[in-house]
Amino acid sequence: MAYPLQTQMKTSKWLKKMNLWKEDLYHLIYPASCLCCDKELSIGMQNICDICDANLRFTYFEKFNDPSSLDKLFWGRCNLTSTCAFLQFEKDSSTQKILHAIKYKGKKDLAEEMGGRFGERLKQNQSKYGSIEVLIPVPLHPKKKFIRGYNQSECIAKGIANSTEMIVNTGFLTKGVHTESQTKKANRFLRWDNVSDVFHLDVNKLKDVKHIALVDDVVTTGSTLESCIQKIHQVLPEIKITVLSLAIAK
Ligand SMILES: [Zn+2]
């Protein structure tokens, strides 16, 4: 039996109220704190407080006419169509804490949220980023992904896709051999040597696509991306490749 519309509306209003009370009560018992400064967050806020958010240092690379430090990092190493990074990485900064939470504290929602904000920025420069069709997250080794439970670059890519017309593809580029943690490697040559030839391509997963973007969480030396780009261009020399990184440590 269907209830009259008025009764249905009353019930849904009442349910909404109940949910709000439940949220308030939960917050009272388990107050969430800011990931960056540990201060208690007010109701409705997630992950970062307003002050820490206001302290984030953005690169504004999307507005650059001249080459950015991220463009220059790949000069002479591989052929890129464009690049962009959202945040400037600094030691002990909010950005470092955000990246840490995204990578090691299971903060997938934060990765998606940041990706979404990054996507909004990319939309401001259609001539540079408007033709990107597919987002390719830099893959993790399956063993590493199993231990962590997710690939943070994939979550960032999902966020970018949510606020743009781009779509995410995780089947085209995958990782094979397990490599030693790259942070332990001292110089770029060793790092490159360490990651070379461990990526696998499935070109069938990417038919008729002209412009892709590789998505990463943070760029330091760029060696992993360089390895991916070279591998892709060996197989698909005509394809346009853009690098999108949530942060740059340069
Ligand atoms: Zn804070």
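Here are some worked exercises on the structure above.

This is a predicted model, so local features need pLDDT of at least 70 and side-chain atom pairs count only at pLDDT 80 or more, while totals for chains, interfaces and linings use all residues. Residues are numbered from 1 along each chain as its sequence is written, and side-chain values use heavy atoms, with hydrogens and water left out.

**Exercise 1. The zinc site**

Task: find which atoms coordinate the zinc ion, and work out the geometry of the site.

Solution: 
- Step 1: start with the donors (N, O and S atoms within 2.8 Å of the metal, or 3.2 Å for Na, K and Ca; water is not among the atoms, so sites may look incomplete). Here they are the SG atoms of C34, C37, C49 and C52, at 2.3 Å.
- Step 2: check the angles. The 4 donor atoms give angles of 106 to 115 degrees, and the site is tetrahedral. That label is given to four donors if all angles lie between 85 and 135 degrees; four count as square planar and six as octahedral if opposite donors are over 155 degrees apart and all others between 65 and 115, and anything else is irregular. For four tetrahedral donors the ideal angle is 109.5 degrees.
- Step 3: look at the spacing. Along the sequence, the donor residues follow the pattern C-x2-C-x11-C-x2-C. C37 and C49 both lie in the loop between α1 (5-29) and α2 (50-54), so this pair ties together parts that are 12 residues apart in sequence. Helices (H or I, at least four residues) and strands (E, at least two) are DSSP runs, numbered from the N terminus.
- Step 4: compare accessibility. Buried means under 20% relative accessible area, exposed over 50%, and partly exposed in between (1.4 Å probe, protein chains only). C37 has 31%, so it's partly exposed, and C49 has 11%, so it's buried.

**Exercise 2. Two threonines**

Task: describe where T83 sits and where T242 sits, then list what each one touches.

Solution: 
- Step 1: T83 is in strand β1 (residues 82-88), and T242 is in strand β7 (residues 240-248).
- Step 2: ask how accessible they are. T83 has a relative accessible area of 2%, so it counts as buried. T242 is at 0%, so it is buried too.
- Step 3: look for polar contacts (pairs of N or O atoms within 3.5 Å; within protein, one must be able to donate a hydrogen and the other to accept it, and residues adjacent in sequence count only if both atoms are side-chain atoms). The side chains of T83 and D71 make one at 2.7 Å. The T242 side chain makes one with the side chain of S82, at 2.7 Å.
- Step 4: list the contacts (heavy atoms within 4.5 Å). Not counting residues up to four places away in sequence, T83 touches S68, L70, D71, Y129, T242 and V243. With neighbours within four places set aside, the contacts of T242 include T83, Y129, H211 and L214.

**Exercise 3. Rings**

Task: say how many aromatic pairs there are, and describe the pair formed by F61 and F64.

Solution: 
- Step 1: know the rule. Rings of Phe, Tyr and Trp (its six-membered ring) pair if their centres lie within 6.5 Å; planes under 30 degrees apart count as stacked, over 60 as edge-to-face and the rest as tilted.
- Step 2: count. The whole structure has 4 aromatic pairs. F61 and F64 form an edge-to-face pair, with 5.1 Å from centre to centre and 65 degrees between the planes.
- Step 3: check both partners. F61 is buried, at 5%, whereas F64 is partly exposed, at 33%.
- Step 4: find the cluster. Ring pairs link F58, Y60, F86 and F118. The charged end of R121 sits over the F58 ring, 4.5 Å from its centre (NZ of Lys or CZ of Arg must be within 6 Å of the ring centre and within 35 degrees of the ring normal).

**Exercise 4. Positive phi**

Task: give the phi of N47 and of D92, and say whether each is buried or exposed.

Solution: 
- Step 1: recall that most residues other than glycine have a negative phi.
- Step 2: N47 has a positive phi near 70 degrees. This residue is in the loop between α1 and α2 and is buried, at 6%.
- Step 3: D92 has a positive phi of about 60 degrees. D92 is in the loop between β1 and α4 (94-104) and is exposed, at 63%.
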